[in-house]
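Hi everyone, thanks for coming.

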Amino acid sequence: MDSTSNLFERFGGINLLPVLLAIVAFALIGSPSTWVTLTVAGLAMGMMIFLMASGLSLVFGLMDVLNFGHSAFVSFGAFIAASVLAALAAWVGADSIFLNLLAIFLAICAAALFGLVAGWAFERVIIKPVYRDHLRQILITMGALIVAEQLILAIWGGSPISVPRPNFLTGSLIIGDVSIELYRLFAFALGLAAYIALYMILNRTRVGLLVRAGVENREMVEALGFRIDRLFIGVFVLGSALAAIGGAMWAGYETLITAAIGSEMMIIVFIVIIIGGLGSIEGSLLGALMVGLMGNYVAFLAPKMALASNMILMMVILLWRPYGLRPAVK
Amino acid sequence: MTAPILELDGISTDIAQYHILHGVSLSVPEGGVHVLLGRNGAGKTTTLRTIMGLWKAREGAIRFRGDDIAHLHTSEISRKGIAFVPENMGIFGGLTVEENMRLATNDGSFDRERLGRIYTLFPALEKFWTKSAWSLSGGQKQMLAIARAIIERRDLILIDEPTKGLAPAIILNMVDAFREIARETTILLVEQNFLFAKSLGQTVAVIDDGRIAHTGNMADLVEDTVLQTKLLSLSLDAHQ
């Protein structure tokens with residue numbers, strides 16, 4: 001048993017889980033081209049969920065704050081990006097890749113900017129008065145989510161909004177029998193870039209070191225001379241911006257969005273941070289990839305089980321590792 | 001007797017609905033090791049945490065070099081030159097030994113000479129420098145917690161029961177290390193282990209039920225076995 005466990009750890013340990021999941025799915029699906037398409041879709045979906053989940057995981061880890069309003073940033077990010085893309089319709093539909101890229105870059109920047117500003121205001125007005133009080137956190141952030149959804153309905157109306165994809169991301173990459181949507185590759189690349197940037201910040205900078213230490217023991221960080229509450233504002237604002245970027249990318253993925261886009265994603269986001277382990281970026285990535293892959297594989301193999309699959313995945317992982325796959329050390 | 005570096009004047013601290021400290025007054029002279037003794041639940045840890053601002057005093061004053069620090073934020077108290085080694089050591093297990101130490105530096109860089117002295121005091125830290133702190137043994141974690149408190153020059157170090165759960169051989173090493181550290185700074189040591197405390201302490205205060213029951217020189221307490229029996233069995237007498 002020990003030798004099996006050592007072998008598992010030597011080859012990457014729990015980091016291998018998404019790979020194992022993909023191998024099992026390959027055996028069940030049978031068709032390589034279908035498997036590649038589903039795998040790329042799952043990875044892209046996972047990366048977008050990672051963007052939405054990573055900030056929430058750090059926020060909970062650092063300050064024990066349960067923010068159910070996090071998905072409001074996802075919703076606003078999606079709608080703001082959709083509005084920017086609609087306003088730049090000429091660039092979105094142009095044959096120039098440069099103009100296409102500029103349009104999507106501006107849409108993502110607008111969503112991120114909203115996340116930064118609204119995240120700061122949200123933390124100051126909604127979160128700060130309820131530090132260390134989980135019940136009030138849940139109530140007030142749920143209330144804020146409802147208000148945010150109503151605001152979206154008031155601004156953008158109740159009808160679903162179509163989200164145009166930039167021209168260069170509308171096609172598919174065909175390799176043999178395999179067809180891969182370009183937007184999915186783009187979403188995967190953007191999520192990967194965000195993960196690498198976050199990893200570098202957390203592991204190569206003093207601020208990152210403080211965040212990692214604060215997630216473990218915020219009292220001790222303060223006893224070493226640092227204001228954890230000020231650090232928390234920064235993390236909260238960054239997490240809100242990432243959620244808004246995730247929402248912007250998800251809007252392009254879905255191509256038709258409603259005011260409920262955020263609250264629909266919230267369940268998946270919570271599953272991801274529970275699976276991954278609270279306060280851990282690596283855990284959020286692992287959880288997001290597994291949820292993305294599982295969702296796509298099961299939707300193909302047993303469509304009726306699609307909704308339940310992630311819940312079952314969470315239950316199995318919690319039975320195996322009650323604190324998630326890679327929780328921050330507490 | 002040198003001028004006090006730290007004075008507690010009538011400190012009362014509550015935790016939720018419980019009154020833990022009842023007007024604690026204590027004076028810590030500058031330099032050397034000073035010991036706060038007491039049984040479990042007597043209020044030793046609460047006293048240290050109140051000094052650090054981790055729990056706020058309901059009333060009373062805490063003066064550090066004459067300035068009242070009772071209302072300051074913990075981080076501001078730390079930046080005044082007070083280091084804290086909590087009972088649970090406060091090690092960041094997910095960080096490496098180096099990262100734990102780097103966090104305690106003023107600007108993220110090490111004074112090589114100072115680091116060299118720490119390696120001499122605690123050779124295990126050099127050996128495990130790049131390892132995760134959670135992989136250290138209990139004694140090594142305690143060494144790291146103390147090393148972190150002295151990686152920069154501090155005026156006062158508050159240490160909460162450093163010998164708890166440690167093997168006798170490690171405690172002996174700890175005595176030597178504390179003597180070395182006390183050459184340049186003041187240590188306020190909370191202990192239950194009287195043998196360890198008496199080998200280091202210059203002054204001693206005994207706390208019981210949130211009140212200071214005795215203050216004086218450690219040498220006097222060591223000499224006076226009747227007083228020792230009275231003070232150190234205080235808790236048993238009071239609770240039987």
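Before we start, one definition: two strands count as paired if DSSP finds at least two bridges between them. Also keep in mind that this is a predicted model.

Let's begin with strand E3 of chain B, residues 32–37. Is this strand mostly covered or mostly open? Mostly covered: 5 of its 6 residues are buried.

Which strands does E3(B) pair with? One of them is strand E8 of chain B, residues 186–191, in the parallel sense and over 6 bridges. You can find one of these bridges at Gly32(B), whose partner in E8(B) is Thr186(B). Another is strand E9 of chain B, residues 203–208, again parallel, over 4 bridges. Here His34(B) is partnered by Thr203(B), and Leu37(B) by Val206(B).

Now zoom out to the sheet. In chain B, 6 strands form an open sheet in the order E6-E7-E8-E3-E9-E10, and the pairing is mixed. E6 (82–85) and E10 (211–217) of chain B are the edge strands, each pairing on one side only. From one strand to the next, the twist averages 15°.

Finally, the two chains. Their contact takes 18 residues from chain B and 16 residues from chain A. On the chain B side, H2(B) gives the most, with 4 residues. That side divides into 8 nonpolar, 7 polar and 3 charged residues.

Terms used. Residues are numbered from 1 along each chain as its sequence is written. Chains are lettered from A and ligands numbered from 1 in the order in which they are written. This is a predicted model: local features need pLDDT of at least 70, side-chain atom pairs count only at pLDDT 80 or more; totals for chains, interfaces and linings use all residues. Two residues are in contact if their C-beta atoms, placed from the backbone, lie within 7 Å. Helices (H or I, at least four residues) and strands (E, at least two) are DSSP runs, numbered from the N terminus. Ala, Val, Leu, Ile, Met, Phe, Trp, Tyr, Cys and Pro count as nonpolar, Asp, Glu, Lys and Arg as charged, and the others, Gly among them, as polar. A residue is buried if 20 or more other C-beta atoms lie within 10 Å of its own, exposed if 12 or fewer, and partly exposed in between; C-beta atoms are placed from the backbone. Axes are lines fitted to C-alpha atoms, for helices over the stretch in contact, and angles run from 0 to 180 degrees between N-to-C directions.
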